[in-house]
Each structure stands twice: as C-alpha cells, then as structure tokens.
Amino acid sequence: MKKRIHIIILGFSLVLLLGLIDSWVDFRVSFSIFYVIPVVLVTWYTRLKEGILFSILSSMMWLAAEVISRKHQLPMPILFWNSGVRLGFFIIITLVLHYFKSERENARLDFLTKIPNRRQFEEVLQMEFQRGARYSHPLTIIYMDIDNFKVINDSLGHHEGDSLLVEASSVIKRSIRSTDFVSRLGGDEFSLILIETDDQQARSIVNKLRTDLLHAMEKKSWPVTFSFGVVSFHKYPKTVREMIRLADTCMYNAKRGGKNIIKMKVVR
C-alpha cells in the first residue's frame, strides 16, 4: 500500500514537472514522449484504474501546456481534438501494459489456489539463497505433501479435491508469518520458505501449521493428513538445486516413515 502511494505521488510530481517544462519551451520543440513516463510508471506499479487516471491527468496537463505556450498559434477546437487523441493513445498504452503485467503475474501463480507456483518458488529461493549465503542468515525450506489425497479424488471427485487444495492453501497462508513464502509445487505438494529461520523456530512454526491443517481437514470431514520435510540451513550448499533435493528427500522420508509425521534435517 505504501509503495503504491509513493508511486502515485512520484507520478503526480512528474506530471506537474513535465507540464511546467512543456509550457516554458518553444512550441516547435516536441515534448510528447515524456508524458508517457508517468503513465507507464503508475500503470506498471499500481492498478489499472490509477493508470487510466494518470492517462487523463497527463493529457489534461499536456492540453494546459499547449494552451499556455500556443494560445496564439492553434484554435481551441484543434487543441481539444489533439488532447482527446493523446488521451486515447495513453489509455491504449495503459491497457496494453496492464495486460502484460497481468500475464506476467499469472505466469507465477497457481491457477487453482492463486498462490505462487513452482516457478516463483524457485525464483524466490534463488534470491534468498544469494542473500542468506552472503550474510550468513539461516533459512528453512518446508516441503509438504497431503497424505491420502488420491482417496478424496477417487471417492468424492476432483471438485472436492480442488476444494481441499484451496482450503489447505488458505490455512497455510493464515498460519505462517508475513515474511514467509508459500507456493504450490503441483498436485498435492506445497513448499514454504521460512526466511531467517533456524531449526528451533522452524519446529515451532511447522507444529502450529500441522495442527491448523489437521483441524481444518477435520471440520470438513476430509480423511487426510500431512507429511512434512523440513530442512534448516545454517550452512548453504553450493546450489539451490541441492537445497531443493534435500527438502524433497526429507519429505519423502516422512512419507515412507508412515505419513502424518514431520521429518527434520539441519545442515550446518
């Protein structure tokens, strides 16, 4: 929210500055391209309605600069016509940018649960791997699998299975901290990145998460449990791939160990 407000303030300041400069320079000097800057900035970093608002604002400021600098050069009907054409141009830019922004965001979200997908998980993990290794911060990865999920699909149908996945993702988001990251890897597998979290903190978080999930499943009468593989890194391996392999192996050891358990590993 704060970031959006800062972007809007910056965009408004740019529009005012551009209008002032444009009204001062010779009318024969083209200044049009610069009015696109605040429109692009606000559209990309805020929402569609703010982008459209700034399209209108930029076209109005452009018109005001035209009136000030060219009032003896062009008739007012032509000035208003040109302003309308520019507004249309800005709105087209806004809509195109919004479309590409939405496509970019959707490419990193799971279509069902609306949480990040594997692609974004790996991007975030790569970033935290570099940051944590540089500053020697602990990091914990959790891999989670829903036990007996196939039974739900086979006995109650895929629609009920989808509802279970959505509910599980909602519980996870409510149970973890705002600094933590959750994603759906695919199927009935989820992953979490607990930033700057050692094994003791991770144990507390995963125990709470498991309790919350089991309680939510019981309320819905879904006969499933959860297997967790938890790996806390105090020392980082050479690659992100190795971190993922360790977490994946830990989770499958939990599955093979009888399901509905938490397997933990500490890398020092």
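# Questions on a predicted model

Colleague: Is phenylalanine 111 buried or exposed?
Modeller: Buried means under 20% relative accessible area, exposed means over 50%, and partly exposed lies in between (1.4 Å probe, protein chains only). Because the relative accessibility of phenylalanine 111 is 65%, this residue counts as exposed.

Colleague: What kind of model is this?
Modeller: Residues are numbered from 1 along each chain as its sequence is written, and side-chain values use heavy atoms, with hydrogens and water left out. Local features need pLDDT of at least 70, side-chain atom pairs count only at pLDDT 80 or more, and totals for chains, interfaces and linings use all residues; this is a predicted model.

Colleague: How far apart in space are phenylalanine 111 and arginine 184?
Modeller: Phenylalanine 111 is placed in the loop between H4 and helix H5 (118-135). Helices (H or I, at least four residues) and strands (E, at least two) are DSSP runs, numbered from the N terminus. Arginine 184 is 73 residues from phenylalanine 111 in sequence, whereas the distance in space, C-alpha to C-alpha, is 10.0 Å.

Colleague: Which helix supplies the largest share of the lining of the largest pocket?
Modeller: On a 1 Å grid over the protein atoms alone, a pocket is an open set of points where a 1.4 Å probe fits, with protein on both sides within 12 Å along at least five of seven lines; lining residues have an atom within 4 Å of a point. The lining includes Trp44, Tyr45 and Lys101. At least two lining residues come from each of helix H1 (2-24), helix H2 (36-45) and helix H4 (76-106). The largest share, 3 residues, belongs to H4.

Colleague: How many residues of this lining are charged?
Modeller: Asp, Glu, Lys and Arg count as charged. Among the lining residues are Lys3, Arg4, Arg104 and Glu105. The lining divides into 2 nonpolar residues, 1 polar residue and, as charged residues, 5.

Colleague: What is the distance between the closest N and O atoms of glutamate 123 and arginine 119?
Modeller: Side chains of opposite charge can pair when their charged atoms come close. A salt bridge is a side-chain nitrogen of Lys or Arg within 4 Å of a carboxyl oxygen of Asp or Glu. Glutamate 123 and arginine 119 are 4 residues apart in helix H5, and therefore separated by about one helical turn. Their salt bridge has its closest N and O atoms at 3.7 Å.

Colleague: How many residues apart in sequence are the parts tied together by glutamate 196 and arginine 131?
Modeller: A salt bridge joins these two side chains, at 3.3 Å from N to O. Because glutamate 196 lies in the loop between strand S3 (189-195) and helix H8 (199-219), and arginine 131 lies in helix H5, the sequence separation of the parts that the pair ties together is 65 residues.

Colleague: Is aspartate 145 buried or exposed?
Modeller: Aspartate 145 forms a salt bridge with lysine 255, the closest N and O atoms being 2.3 Å apart. Aspartate 145 lies in strand S1 (residues 139-147) and lysine 255 in helix H9, so the pair ties together parts that are 110 residues apart in sequence. Because its relative accessibility is 4%, aspartate 145 counts as buried.
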